[in-house]
Amino acid sequence: MEELVVHVLTEYGYLLYPLITAWTFVEGETVVIVTGVLASEGRFRINVELLALAALTGSFFGDQLYYYIGRKYGAPLLKRWPSLTGRIDWAFETVNRSPAIFILSFRWIYGVRNVAPFIVGIAGVPRVKYLVLNFIAAAIWAHSFAWGGYLMGRKLEEWLGDSKWFVLGGFILFMIAFGVFGALRGRSQSTAKPAPEPSDSAQ
């Protein structure tokens, strides 16, 4: 991850923010943190606020897209892939009970981060309500990881010097392994259940 970001910064610096936007459209805590750490070093001209804005844009529009896919095609797709329902049934219960809290927090919930907007769309949360809450959540998420990476980089540089990248690399590998393990475990424990129908409250 570090090598990719450094290569882009060295050879194609003007592409950094579009790359962050495209990456966070699909996923993205790791690339935001790594770029924030690089910003703390001063080797490259990285504006942390622009980094946060790029991450906000990608995350916001990506989750808007998944929300609309959920509204239109969600229930039939879940019926085709019932293995998804076993690990996210509780998410349907949460979004139906407290939609605002779920929308504001799902980016921080392991295991449902990528499918949460899809779930919100199936649950029939109104469009305007989701748009406003999704923007607020994306802004908090993006600034937390951009500035968090920056501050982490400053502290690790202070404590470890150049060795900080070994620590960060180990942390990233651990998170990848943890994610893969969680996904495989969730798939093995999932059971086929009918997908919930969209709520009548959808507008």
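Guide: This is a predicted model, and among its elements helix H9 (residues 164-189) has the lowest mean pLDDT, 59, whereas helix H6 (residues 99-105) has the highest, 94. The protein averages a pLDDT of 79, and 72% of the residues score at least 70.

Visitor: Over which residues is the pLDDT below 50?

Guide: That is the stretch 189-196, which still has 15 contacts in the model beyond near neighbours in sequence. Where pLDDT is low, the predicted coordinates should not be read in detail.

Visitor: Why is Arg113 called buried?

Guide: Arg113 has a relative accessible area of 11%, and because buried means under 20%, Arg113 counts as buried. Arg113 lies in the loop between H6 and helix H7 (116-123), and, leaving aside neighbours within four places in sequence, Arg113 is in contact with Glu29, Ser59, Asp63, Phe106 and Arg107.

Visitor: What makes a set of residues a nonpolar core?

Guide: Its members are buried residues of kinds such as Val, Leu and Ile, joined through side-chain atoms within 4.5 Å. The largest nonpolar core here has 28 residues, of which Val5, Leu9, Ile20, Val32, Leu38 and Ile46 touch the most other members. Two or more residues come from each of helix H1 (2-11), helix H2 (16-26), helix H3 (29-41), helix H4 (48-80) and helix H8 (127-160). A second, separate core of 20 residues includes Phe118, Ile119, Val125 and Tyr130.

Visitor: Which residues does Val5 touch, not counting those up to four places away in sequence?

Guide: Val5 touches Leu16, Val31, Val34, Thr35 and Leu38.

Note on methods
Residues numbered from 1 in each chain as written. Predicted model: local features only at pLDDT ≥ 70, side-chain atom pairs only at ≥ 80, totals over all residues. Heavy atoms only, no water. Buried < 20%, exposed > 50% of the residue type's maximum accessible area, 1.4 Å probe, protein only. Helix = DSSP H or I, 4+ residues; strand = E, 2+ residues; numbered from the N terminus. Contact = heavy atoms within 4.5 Å. pLDDT = per-residue confidence, 0-100.
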